[in-house]
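Here are a few notes to read alongside the structure. Take them one at a time, and find each place in the picture as you go.

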Amino acid sequence: MSREKSEFLSQIGLRLKEERIRLGVSQAKLSAMAGVSRDSQAGYESGRSDAGIVYLAALFPSQVDVCYILTGTRTPTIPATTSPDESALLDAYRAADEAGRAALLITAKAMARKP
């Protein structure tokens, strides 16, 4: 195994362990959630084994931040209390180009100042 791949797997393993701890589950519990053995889980977390896309996809429905495991960047979350209108506004902002985002921001700020 190349040094680069070994380092990458080590980083993946560290982030996978961080996610498991964040969720408050044991290796046995996380491995059961993904349908792998506890030994496989330990191998993934130590960086000795490649977790693979099927394993990561199996974890996704369990609130595991797969993006963080792969990239080291947390997936932004929208609070559960967000209304449908707020979600639609956020979706529109994210879909807009730079000029559109600027216009939406100016409009929202102007509307917020109204009594």
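**Notes on the model**

1. Let's start with a salt bridge: Arg74 pairs with Glu19, and their closest N and O atoms are 2.3 Å apart. This pair ties together distant parts of the chain, with Arg74 sitting in the loop between helix H5 (66-71) and H6, and Glu19 in helix H1 (residues 3-23), 55 residues apart. In total, the structure has 5 salt bridges. Please keep in mind that this is a predicted model.

2. Now look at how some helices pack. Two packed helices are described by the angle between their axes and the distance between the axes. For H1 and H3, the angle is about 120° and the axes are 6 Å apart. Angles of 65 to 115 degrees count as roughly perpendicular, so H1 and H3 are instead called oblique to each other.

3. Which residues of H1 and H3 make the contact? From H1 come Leu9, Gly13, Leu14, Leu16, Lys17 and Arg20, while H3 brings Gln41, Tyr44 and Glu45. Sorted by class, the contact of H1 with H3 has 4 nonpolar, 2 polar and 3 charged residues.

4. Helix H3 (residues 38-46) also packs with helix H2 (residues 27-34): their axes come within 8 Å and cross at roughly 105°. That angle makes H2 roughly perpendicular to H3. On the H2 side you will find Gln27, Ala28, Leu30 and Ser31, which meet Arg38, Gln41, Ala42 and Glu45 in H3. The residues of this contact divide into 3 nonpolar, 3 polar and 2 charged.

5. Finally, turn to the surface. Leu89, Tyr93, Leu104 and Leu105 form a nonpolar patch there, and together they have about 330 Å² of accessible area. Helix H6 (84-95) and helix H7 (98-112) each supply at least two residues of this patch.

Technical notes: Residues are numbered from 1 along each chain as its sequence is written. This is a predicted model: local features need pLDDT of at least 70, side-chain atom pairs count only at pLDDT 80 or more; totals for chains, interfaces and linings use all residues. Side-chain values use heavy atoms; hydrogens and water are left out. Axes are lines fitted to C-alpha atoms, for helices over the stretch in contact, and angles run from 0 to 180 degrees between N-to-C directions. Helices (H or I, at least four residues) and strands (E, at least two) are DSSP runs, numbered from the N terminus. Angles under 35 degrees count as roughly parallel, over 145 as roughly antiparallel, 65 to 115 as roughly perpendicular and the rest as oblique. Contact means heavy atoms within 4.5 Å. Ala, Val, Leu, Ile, Met, Phe, Trp, Tyr, Cys and Pro count as nonpolar, Asp, Glu, Lys and Arg as charged, and the others, Gly among them, as polar. Patches are made of residues with over 30% relative accessible area and no salt bridge: like charges are joined within 9 Å, nonpolar side chains (Val, Leu, Ile, Met, Phe, Trp, Tyr) within 5 Å. Accessible areas come from the Shrake-Rupley method with a 1.4 Å probe; for residues, only the protein chains shown count as cover. A salt bridge is a side-chain nitrogen of Lys or Arg within 4 Å of a carboxyl oxygen of Asp or Glu.
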